[in-house]
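Dear colleague,

Please find below the structure that I am handing over to you, together with its sequence. My findings are set out after it.

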Amino acid sequence: MDGGAAYNPRTVDEVFRDFKGRRAGMIRALTTEVEEFYQQCDPEKENLCLYGFPSEQWEVNLPAEEVPPELPEPALGINFARDGMQEKDWLSLVAVHSDAWLLAVAFYFGARFGYDKADRKRLFNMINDLPTIFEVVTGTAKKQVKEKSSVSNHSSNKSKSNSKRGSESQAKYPKEMQSKDEYEEGLEEEDGEEHGETLCGACGENYAADEFWICCDICEKWFHGKCVKITPARAEHIKQYKCPSCSNKRARP
């Protein structure tokens, strides 16, 4: 619950890696592992906080006891509003506060280690290149990518997997993206640029040609296989893939 106090990044690159790790953990809590997160935020418990760690793990726990704390603290009492709001609105609220906390931690390190104006600007620009947690959770990041696309590319993510592919591998893998070799063989350069704008619905990172991806048949968001724990071999036997968020929506009354 110390928020990674034992680890003190010093350089801009180290602070950015720290930021990305904490961000990835919190995105997992609010997307692919949202069912577990929801259960842990019991309104009957005391003030709870959502922590992200550099190891890409997350934790719901009580705030630090020491005053002042070693690191800035995230928003208190996120559990109290859980049952008084629509779930998507509650998750969006937690996401906004999580973004604010991540920035506070990053610039706390910057101030502590004496970053000058150039260092602070570089750190902010690196952070600003990533979608916020709020944008990932609400799908705003995906909408922004679509707005940047040209009219010729204005199609759903689902149609991407079917366009410009005539190989037999497409019949085997109707929903997931191909490996790097298959990708380069059957895809034109401009199509590669289109996929380059695709963001993972779990971690918010960009598409990379050498990574296995899979698309949810319900919300049509793309995910890294590693983020949703799906391998290419397992995907071959899935007729209709539902991401963790869509599966949880069907399961919860």
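This is a predicted model: local features need pLDDT of at least 70, side-chain atom pairs count only at pLDDT 80 or more; totals for chains, interfaces and linings use all residues.

Helix H4

Helix H4 comprises 12 residues, 117-128. From its first C-alpha to its last, H4 reaches 16 Å, close to the 16 Å expected at 1.5 Å a residue. At the start of the helix, the backbone nitrogen of Ala118 has a side-chain oxygen of Asp116 within 3.2 Å.

Three residues of H4 deserve attention for their burial: Leu123, Met126 and Ile127. Viewed down the helix axis, the buried residues of H4 fall within an arc of 100°, and therefore line one face of the helix. Against what do these buried residues pack? Their partners are helix H1 (12-30) and helix H3 (87-112). On the face of H4 turned away from the buried side lie the exposed residues Lys117, Ala118, Lys121 and Asn128.

Strands S1 and S2

Strand S1 (residues 49-52) and strand S2 run antiparallel and are joined by four bridges. Leu50 has Val60 in S2 as its bridge partner. Val60 also belongs, with Trp58, to the covered face of S2 (residues 58-61), whereas Glu59 and Asn61 make up the uncovered face. The hairpin of S1 and S2 has five residues between the strands, and in this hairpin Glu56 adopts a positive phi near 70°.

With kind regards

Definitions and conventions. Residues are numbered from 1 along each chain as its sequence is written. Side-chain values use heavy atoms; hydrogens and water are left out. Helices (H or I, at least four residues) and strands (E, at least two) are DSSP runs, numbered from the N terminus. The expected span of a helix is 1.5 Å times one less than its number of residues. Buried means under 20% relative accessible area, exposed over 50%, partly exposed in between (1.4 Å probe, protein chains only). The arc is that of the directions from the helix axis to the C-beta atoms. Contact means heavy atoms within 4.5 Å. A polar contact is a pair of N or O atoms within 3.5 Å; within protein, one must be able to donate a hydrogen and the other to accept it, and residues adjacent in sequence count only if both atoms are side-chain atoms. Two strands pair if DSSP finds at least two bridges between them.
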